[in-house]
Amino acid sequence: MAIPSVPRPNMRGPQPLESANVKEIPTSAGRGELFRSRTGETGDRIFKFIVMLCGLAVLVILGLIVYQLVLRSGLSWHAFGFKFFAGHDWDPVNERFGAMPFIYGTLVSSFLALLIAVPLAIGVAVFTTEMCPVRLRGPLSFFVELLAAIPSVVYGLWAIFVLVPILSNYVEPFLSRTLGWTGLFTGPPYGISMLAAGIILAIMIIPIISSITREVLMVVPQHQREAALALGATRWEMIRVGVLRNARAGIMGGIILGLGRALGETMAVTMVIGNRPEISKSLFAPGYTMASVLANEFSEATGDVYLSALIEIGLALFLVTIVVNALARLLVWTVTRGQPARANA
Amino acid sequence: MPDNVAISTQSMTPIALGRRITDHFMTGLAVLTVILVLVPLFAIFAYLVYRGVGSINWAFLTQTPKPVGEAGGGMANAIVGSGFILALASVLGVPLGVGAGIYLAEFGRNRFGDVIRFTADVLNGVPSIVIGIVAYSIVVLSQKHFSALAGGVALAIMMIPTITRTTEEMLLLVPQALREAAYGLGIPRWRTTLSITLRTATSGVITGIMLAFARVAGETAPLLFTAFGNQFWNLRANQPTAALPLQIFNYAISPYDEWHRQAWAGALVLIVLIVTAVAAVRFAVRRGTFGAA
């Protein structure tokens, strides 16, 4: 920080001539010691150490999560090996455990949610960034993000008492009349079903996908839009060619982030999916997800193998969401890195 | 067709009808998606108010749950219990999160900082139920019983990544010149960070904390087998404690109308409490910073 070549002003006022020799005045480091008390430097070192510990704590927490999950699922891993993930039985009484129905339920409900949420979320993001009057932008994104603030258990409550009756009275009978031949919409329309879980998940992940998409669309350079318009594109063509194509990777990242949330979502799904460990082709049938089996059975699990099997499901869920989230972050980073995200907000 | 051409041909070639129809169609589609997304939002809030307001009464806010079949009773212990667990979580999570954020902003321009940044982002995506399992394994198994502390630990783990990342972002927004001015006055670095940088960014940092707080306040999954729930009053950290989201969950999946009614009331109270907590702190911070300036 010190600039050695420039003579420093004498800050201690007039002094005897013979000591005015610049070379004999301590160099910047020495002077530093005169001005700054030693406590400053030790203070700095202590402070850096403390905040570094806090940073380290983040690493330690993740390490602890991995360690605990691996340690406590060991029993089940030794008992079943890889067959654990392929097995269809879930029989706590006879201690036979297979996680396939839960994996199936998690995947199907999440992909169903994506199928519904992605077009809606991208539509909302495109509308708020490219189409709507500037005045409406703020309120609209506020409302959509308000969806993210509603607790999962409140979604579940609403789904049980509002969504499920609507599904069983109107939507499911209609679907089975019109699309019953596909085999996806057959069986009694109870409402409590994989379909209900998919819909409530979709509502929950829309704000995530749409806010990331909005962010990514905003960093698309303005001149891309202007260039497309100058070539005579209509607004939609400009959006398609100039904006969406440039933002592809980032939007993909947002979608994967939404998927990560859907995979791990617990309460709302548990409340409407029916909690039956069976694999059924029909979306009207009840199912079970990895997260909901943990929610329902973990605190009542008797026996070490049972508990260990549940923790192994937790470990699998953890690993899948880690991979999914890391992938999503990388995709979003490649698009937004180095650019101010609020450039033309 | 001719009149369309007349509108758009002043100096350029006309845009083909098909393309214009597509343009309008797509705009319509985008508006439709916005409507489809906003309908559930308003439906949820409308239902919450409609079912909740009628069910909230003095007993609900002041009494503990009554056994099935008996009318009345309330969620007072769950409301207080939630506050207690959240206070524990904040005591554990806020200092760690802010500290880590300071490290990233002030010392974290290196490999190690990048690792922490990435870890925090990954931690943010870990399902809450998995965090519940870990809190169970660490706290509940060593204490041998469910406890408010275990719930607090689980929620703290969920708060940390959010607080870390927002704190870092907010500190980086503070102009470098402000730090240099402080160094120039001979103020040590730690003092600069705490009294100048952090202070300047206070309102942003607190907004981040409230964001994390609001996120975990409604969490149910990590409390299922940590705080566990309790029918009675409890304010001891090593005992099972009731929490509002847990109570809502248990009542919602029960077969009793009276409990359903209370679940709606609980949900409304939960949302109102979250919104007021966030709004109150933001208001206080805004006034505080203006007063100081």
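Predicted model: local features only at pLDDT ≥ 70, side-chain atom pairs only at ≥ 80, totals over all residues.
Colleague: Is Lys144(B) buried or exposed?

Modeller: Lys144(B) has 8 other C-beta atoms within 10 Å, so it is exposed. Its place is in the loop between H6 and H7 of chain B.

Colleague: What is the phi of Lys144(B)?

Modeller: Let us begin with the general idea. Most residues other than glycine have a negative phi. Lys144(B) is not a glycine, yet its phi is positive, at about 75°. Asn275(A) also has a positive phi, of about 55°, and is not a glycine.

Colleague: Where does Asn275(A) lie, and is it buried or exposed?

Modeller: Asn275(A) belongs to the loop that runs between helix H10 (267-272) and helix H11 (290-297) of chain A. It has 20 other C-beta atoms within 10 Å and is therefore buried.

Colleague: How many of the eight residues of H11(A) are buried?

Modeller: Six of the eight are buried, so H11(A) is largely enclosed by the rest of the structure. The buried residues include Met290(A), Val293(A) and Leu294(A). For chain A as a whole, 45% of the 345 residues count as buried.

Colleague: How many helices and strands does chain A have?

Modeller: Chain A has 12 helices and two strands. Along the sequence they follow the pattern α-α-α-β-β-α-α-α-α-α-α-α-α-α. Contacts in this chain can also be sorted by sequence separation: among those between residues at least 6 apart, 76% join residues at least 24 apart.

Colleague: Which domains are assigned in chain A?

Modeller: The domain assignment gives domain 1 (35-80) and domain 2 (83-336). Their C-alpha centres lie 32 Å apart. In the contact between them, 11 residues of domain 1 of chain A meet 13 residues of domain 2 of chain A. On the side of domain 1 there are seven nonpolar, three polar and one charged residues.

Colleague: How many residues do chain B and chain A give to their contact?

Modeller: Chain B gives 69 residues and chain A gives 70. Among the elements of chain B with two or more residues on its side are H2, helix H5 (111-124) and helix H12 (257-292). H2(B) gives the most, with 19 residues. By class, the side of chain B has 52 nonpolar, 12 polar and five charged residues.

Colleague: Where is Gly28(B), and is it buried or exposed?

Modeller: Gly28(B) is in helix H2 (residues 17-53) of chain B. It has 10 C-beta neighbours inside 10 Å and so counts as exposed. Distance along the chain and distance in space may also be read together: Gly28(B) and Ile271(B) are 243 residues apart in sequence, and 33 Å apart in space from C-alpha to C-alpha.

How values were computed:
Residues numbered from 1 in each chain as written. Chains lettered and ligands numbered in written order. Helix = DSSP H or I, 4+ residues; strand = E, 2+ residues; numbered from the N terminus. Buried ≥ 20, exposed ≤ 12 C-beta atoms within 10 Å, placed from the backbone. Contact = placed C-beta atoms within 7 Å. Nonpolar A, V, L, I, M, F, W, Y, C, P; charged D, E, K, R; others polar. Domains from an automatic or database assignment.
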